[in-house]
Amino acid sequence: MKAKDLMIPLQEYLKPDNTLKEAAHLLMIARRGEEKIGVKALPVLDQSGNLLGILSIGDILKAVHPAYMDYMNLGSFAWDGMIETFAQKAGEKMVKDLMTKKVITVRDDSTLMECVDHMLKNKVKRVPVLNKENRVVGMLYERDVFYEITKSMIDENTGGGK
């Protein structure tokens with residue numbers, strides 16, 4: 001099996017000049033295949049379709065939770081509604097300023113073993129899939145890889161399971 005056989009074809013993406021508010025909305029309503037269930041990350045593409053980065057839910061949470069807060073005891077400092085206040089302020093930040101720029105990718109003809117190897121070694125749960133022209137053609141998600149692999153584990157006809 002190849003990445004192209006398991007990937008979800010690219011349907012939505014972000015632009016570097018999207019605001020965080022726009023990005024969060026798109027992440028919440030994005031299609032995953034035929035379903036409109038939201039996604040945990042989207043690639044960021046320029047006007048020519050070149051991959052610039054990826055923005056994830058984690059990137060948004062980091063933008064809302066300032067780094068200096070890591071050094072504080074929130075129990076004595078936080079107030080009710082604090083995160084909401086930070087979220088409103090973060091909403092106008094630009095995707096290009098918050099996206100992850102070093103993106104782990106796989107080719108559409110990469111084997112499933114190569115994909116798992118990239119995901120595990122780089123500790124990522126989703127990777128953009130590139131074609132021969134280096135264009136993003138889809139996204140490969142850890143959950144889909146897991147389900148495909150466990151099919152072999154469970155299906156007695158393929159030599160797995162008992």
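In the hairpin of β5 and β6, 5 residues lie between the strands, and Asn134 takes a positive phi near 65° there. Helices (H or I, at least four residues) and strands (E, at least two) are DSSP runs, numbered from the N terminus. This is a predicted model, in which local features need pLDDT of at least 70 and side-chain atom pairs count only at pLDDT 80 or more, whereas totals for chains, interfaces and linings use all residues. Residues are numbered from 1 along each chain as its sequence is written, and side-chain values use heavy atoms, with hydrogens and water left out.

**Positive phi values**

- Most residues other than glycine have a negative phi.
- Asn134, a residue other than glycine, has a positive phi and is found in the loop between β5 and β6.
- Asn134 counts as partly exposed because its relative accessibility is 39%; buried means under 20% relative accessible area, exposed over 50%, and partly exposed in between (1.4 Å probe, protein chains only).
- Lys123 also takes a positive phi, near 55°, and is found in the loop between α6 (112-122) and β5.
- Lys123 has 77% relative accessibility, so this residue counts as exposed.

- Strand β5 (residues 126-130) is largely enclosed by the rest of the structure, because 5 of its 5 residues are buried.
- Arg126, Pro128 and Leu130 point one way from β5, while Val127 and Val129 point the other way.
- Strands of a sheet pair through backbone hydrogen bonds, either parallel or antiparallel; here, two strands pair if DSSP finds at least two bridges between them.
- Strand β4 (residues 106-107) runs parallel to β5 and is joined to it by 2 bridges.
- With strand β6 (residues 136-141), β5 pairs in the antiparallel sense over 5 bridges, and Val127 has Leu140 as its bridge partner in β6.

**The sheet and the helices across it**

- The order β1-β6-β5-β4 describes an open sheet of 4 strands with mixed pairing.
- At the edges stand β1 (8-9) and β4, each with a single partner strand, so one side of each is left without a neighbour in the sheet.
- Helix α6 lies across β4, β5 and β6, and runs at about 70° to β6.
- Helix α7 (residues 142-154) lies across β1 and β6, and runs at about 65° to β6.
- For these angles, axes are lines fitted to C-alpha atoms, for helices over the stretch in contact, and angles run from 0 to 180 degrees between N-to-C directions.

**Glu142 in helix α7**

- Glu142 has its place in helix α7 and counts as partly exposed because its relative accessibility is 37%.
- Leaving aside neighbours within four places in sequence, Glu142 is in contact with Met119 and Lys125, where contact means heavy atoms within 4.5 Å.
- Glu142 and Val116 are 26 residues apart in sequence, and their C-alpha atoms are 8.3 Å apart in space.

**Nonpolar cores**

- A nonpolar core is a set of buried Ala, Val, Leu, Ile, Met, Phe, Trp, Tyr and Cys residues joined through side-chain atoms within 4.5 Å.
- The largest nonpolar core has 19 residues, of which Leu14, Val39, Val44, Leu55 and Val95 touch the most other members.
- Two or more residues of this core come from each of α2 (20-29), β2 (41-45), β3 (51-56), α3 (57-64) and β6.
- Another core, of 13 residues, lies apart from it, and its members include Ala3, Met7, Val127 and Val145.

**Aromatic pair**

- Rings of Phe, Tyr and Trp (its six-membered ring) pair if their centres lie within 6.5 Å; planes under 30 degrees apart count as stacked, over 60 as edge-to-face and the rest as tilted.
- The count by this rule is 1 aromatic pair.
- Phe146 and Tyr147 form this tilted pair, with 5.6 Å centre to centre and 55° between the planes.
- Phe146 is partly exposed, at a relative accessible area of 48%, and Tyr147 is partly exposed at 46%.

**The chain as a whole**

- The chain has 7 helices and 6 strands, and 40% of its 162 residues count as buried.
- Among contacts between residues at least 6 apart in sequence, 56% join residues at least 24 apart.
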